[in-house]
Structure formats: C-alpha cells, structure tokens
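Please follow the strands of this predicted model through the explanation below, which takes up its sheets in turn.

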Amino acid sequence: TGQTFSSNYPVTPGAFQPALAGGGDSFVTKIGNTAEIFVRKFSDRFEVRPGETVTFFIEVLNPSAVTLTNVSIDDPRLGFFVAVPELVPGEVRIFEVVFTVPAGTPPGLLTNTVAVASAQITEPVTEESEIHVTETPALLATKTVNPPAAAPGETVVFTIAIQNVGNVDLIHVRMTDPLIGLEETIGDIPVGTSVVIEWPFVIPPDAQAGLTIANTVTIVADNL
C-alpha cells in the first residue's frame with residue numbers, strides 16, 4: 001500500500017477504491033514476476049565442407065522466478081523441434097543437434113536461427129548461429145570404350161564424361177590421355193553440369209591378339 005497525490009493514477013474498475021476521492025488517495029499495487037527465457041546457440045566448428053557434419057549446441061535457460069510451461073524449441077534449417085512440458089526457475093536444458101551440410105551447398109556463410117517460446121512467452125526468443133561453407137571443387141569422371149573388343153587396325157571410340165560435383169565452378173579444365181593421343185582443353189565447367197568427349201582410336205596393326213590395352217586419362221583444373 002502507499003499514498004499518491006497524483007490526480008491521474010490508474011484505478012482498476014471494481015477495486016476497493018474505484019474512484020479518486022481527493023488530493024490524497026489510498027491505493028494497492030501488485031507487482032508480478034516477469035517470465036523470461038535465455039537462448040544461446042553455437043557450433044563445434046566454423047569451417048565445413050558440403051557433405052560434412054557439424055554439431056550445434058542449443059542452450060535454453062529460465063532465469064526468471066516463473067515456471068515456464070509448454071516450451072517449444074524450433075530450428076527449421078536443422079530439422080530440429082522439441083517440446084519441453086516445464087522449465088522451472090533456474091533450469092537449463094542443452095540440446096545437441098548433428099547437421100550434415102547438403103551436397104552442392106554454395107560456399108559462404110550459412111545462417112540458421114532457433115526460436116524458443118512458451119505459454120508465458122508467446123513472442124519467440126531467437127538466436128542465430130553461422131558456419132562457413134568452404135569452396136570444395138570436385139569432379140566425377142567416367143570412361144568407356146565402344147566396342148570393348150576390336151582387332152588390329154579397327155577403330156574404337158572412347159567416351160569420357162566429366163561432371164562437376166563440387167560447389168564451385170571448375171576453372172580451365174584440361175584432359176590428356178597420351179596413349180590415344182588425347183589432349184583437350186575444355187574450359188570452365190559450372191557446378192552441376194557435365195561435359196562429354198568422344199575420341200576415336202585405331203588399334204595398332206601390330207597389336208598382339210588377346211592383348212588388353214590399358215590407358216589412363218588425366219584431368220586437371222586451375223582450382224582442383
């Protein structure tokens with residue numbers, strides 16, 4: 001209880017003194033506890049390549065004197081959601097979330113946000129965390145020959161396919177195969193695209209019958 005001389009002190013309808021009665025009026029003020037929530041989020045590593053895993057830690061603390069109920073922790077990018085029925089004052093919950101960076105994720109910062117709310121805190125409290133996806137140049141090459149068997153003097157065709165399976169363009173790609181006389185400059189190969197080269201080769205006339213001819217193609221790029 002207390003006393004005020006304010007002429008505009010707010011009065012709650014139905015209170016003990018429903019109207020101001022003079023220069024000095026009695027009043028009762030009830031100050032309730034405020035519900036709060038604290039969220040912290042961090043990862044066990046900063047630089048990650050596509051296909052690798054990183055562990056995120058989400059820490060939720062109830063620093064208030066109010067018990068929080070129906071607490072929800074939601075992080076859509078990580079595919080993580082959990083509901084906590086009750087979080088008593090001073091209680092801390094820590095969640096570990098393992099996340100695999102999707103293949104083909106472009107290089108740069110990858111940001112994800114966790115949102116925490118409760119029955120007492122309807123406006124979610126959010127916290128961001130970032131990892132750095134590094135440049136990962138990579139290619140997949142296949143080599144076939146048609147027909148798979150031929151007589152001396154006959155022609156076979158080698159088909160070489162190169163696919164950029166990394167997360168950055170391959171720069172100034174070159175291909176060599178000395179045995180079949182292949183030396184080709186392809187240029188740049190964008191992410192997710194493929195290049196196919198067909199190269200004819202004549203079996204040497206003096207090649208021994210039944211001999212298996214093994215040859216190797218070498219593929220290089222400025223950033224590989």
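Three strands make up an open sheet in which the order is β14-β13-β16 and the pairing is antiparallel. Strands β14, spanning 182-189, and β16, spanning 218-220, stand at the edges of this sheet, and because each has a single partner strand, one side of each is left without a neighbour in the sheet. On average, and with direction ignored, neighbouring strands here are turned by 15° against each other.

Within this sheet, strand β13, which covers residues 170-177, pairs with β16 in the antiparallel sense over three bridges. In general, the strands of a sheet pair through backbone hydrogen bonds, and they do so in either a parallel or an antiparallel arrangement.

We can now turn to another sheet. An open sheet of three strands has the order β11-β12-β15, and its pairing is antiparallel. The edges are taken by β11 (139-146) and β15 (194-202), each of which has a single partner strand, so that one side of each is left without a neighbour in the sheet. From one strand to the next, the twist averages 15°.

Strand β12, made up of residues 155-164, pairs with β15 in the antiparallel sense, and this pairing runs over nine bridges.

Technical notes. Residues numbered from 1 in each chain as written. Predicted model: local features only at pLDDT ≥ 70, side-chain atom pairs only at ≥ 80, totals over all residues. Heavy atoms only, no water. Pairing = 2+ DSSP bridges. Helix = DSSP H or I, 4+ residues; strand = E, 2+ residues; numbered from the N terminus. Axes fitted to C-alpha atoms, helices over the stretch in contact; angles between N-to-C directions.
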